[in-house]
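Visitor: I would like to learn how to read aromatic contacts in a model. Could you take me through some of them?

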Amino acid sequence: MLVLDAIIRYSTVTLLLMFAYLVLRDSTKDRISVLGALTSVSVAALLLGTPHPDLTLPFFPRLIIRFLDVPSVVLIWWFGRSLFEDDFRLGAFEWIVMVTFVIVVGYFRIVEMGFLETELWRLPELISASSVILMLHLIWISLTGRSDDVIEDRRKFRLFFALGMGAITIVTVVAERLFWQSHALQLNTFRAGIILPFIIFALQWVLRYLPESLSFQTVSLVKTKNVALETQDRDLRERLLTEIEVNQAYIEHGLTISSLANRLGTTEHRLRALINQGMQFRNFSGFLNQYRISAVQNAMQMDKNQSTPILTLALEHGFSSLAPFNRAFKTVTGMTPTEYRNQLAQLSKK
């Protein structure tokens with residue numbers, strides 16, 4: 001068991017650290033890359049800090065490593081959301097969750113390392129429950145956003161990610177609560193083992209190469225191929241723009257890419273590829289919101305709508321509620337709907 005644990009654990013740690021290095025190598029200013037690297041380092045620290053008893057590190061290195069793994073669960077939550085939510089930002093709520101988690105888990109680590117002798121009450125159960133809630137939320141985000149996603153590789157990855165996070169959560173949290181006393185060593189090894197295939201997949205994803213590199217194909221040839229693909233879908237693009245811009249399909253509540261594809265007489269896969277590769281959108285709602293926000297802006301500029309509530313204008317132009325509208329409006333225009341309306345009012349007075 002000792003040899004197996006060492007092989008699995010240190011292989012996984014090595015790959016996690018390699019992943020952190022690779023994603024930061026050329027993308028130190030990219031939010032997703034930074035979060036991915038921090039997550040990898042923290043999970044690696046978790047594995048290093050909970051080895052087989054015969055592989056336990058000296059006190060001071062173990063002390064540093066055990067505190068490095070404190071934010072691991074929240075970092076996984078942040079990183080997963082940054083992968084699937086194109087408008088993800090670290091707001092007040094995300095930082096509150098992080099600070100709370102660090103305080104609670106940090107206190108647990110202080111007791112665990114022997115700096116305090118105190119009763120933990122139900123603290124381990126609280127940490128486990130909080131971890132499960134965050135991971136379930138992440139799984140929910142990865143699955144519910146799949147129908148809106150027009151990036152085919154990411155749509156496939158959502159299912160893989162949800163299954164992986166579900167398996168890891170069950171093993172590391174639920175199984176630990178049920179079998180920790182009787183099978184602690186086996187669970188520790190299994191936890192490292194279940195992470196290993198997912199980090200191998202992540203590394204394969206980061207290291208994948210372009211096939212044209214092996215044949216020394218030039219960039220111009222690649223661009224020519226893409227132009228040919230766009231020409232092939234030109235008719236579909238025209239029909240799509242007619243349906244959206246002329247027939248104003250974007251106003252319809254609950255419009256899905258599936259129903260739109262049926263209306264255009266094409267497949268979902270082909271329509272997603274066109275919206276993503278031919279029109280440079282990452283999700284279907286972002287494509288629709290471009291038209292919806294523009295229509296709301298035009299409506300705000302009309303004299304008859306000066307006293308019309310913002311919510312009314314949003315609902316009239318395809319949005320289902322105020323919160324998604326506010327987020328989309330700020331993403332597109334850089335200001336809130338209220339700020340935009342106030343700006344229009346100031347301009348009209350000049």
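Guide: Gladly; let's start with W77, which is buried, at 2% relative accessible area. Buried means under 20%, exposed over 50% and partly exposed in between, with a 1.4 Å probe and protein chains only. This is a predicted model, where local features need pLDDT of at least 70, side-chain atom pairs count only at pLDDT 80 or more, and totals for chains, interfaces and linings use all residues. Residues are numbered from 1 along each chain as its sequence is written, and side-chain values use heavy atoms, leaving out hydrogens and water.

Visitor: How many aromatic pairs does the structure hold?

Guide: Rings of Phe, Tyr and Trp (its six-membered ring) pair if their centres lie within 6.5 Å; planes under 30 degrees apart are stacked, over 60 edge-to-face, and the rest tilted. Here there are 15 aromatic pairs. In one of them, the ring centres of W77 and F93 are 6.2 Å apart with planes at 75°, so this pair is edge-to-face. It joins distant parts of the chain, 16 residues apart: W77 is in helix α4 (residues 72-84) and F93 in helix α5 (residues 92-112). Helices are DSSP runs (H or I, at least four residues) numbered from the N terminus.

Visitor: Is F93 buried or exposed?

Guide: F93 is exposed, at 54% relative accessibility.

Visitor: Which residue lies over the face of W77?

Guide: A charge sits over a ring if NZ of Lys or CZ of Arg is within 6 Å of the ring centre and within 35 degrees of the ring normal. For W77 that residue is R81, 5.0 Å from the ring centre. Likewise, the charged end of R292 sits over the ring of F319, 5.6 Å from its centre.

Conventions. Helix = DSSP H or I, 4+ residues; strand = E, 2+ residues; numbered from the N terminus.
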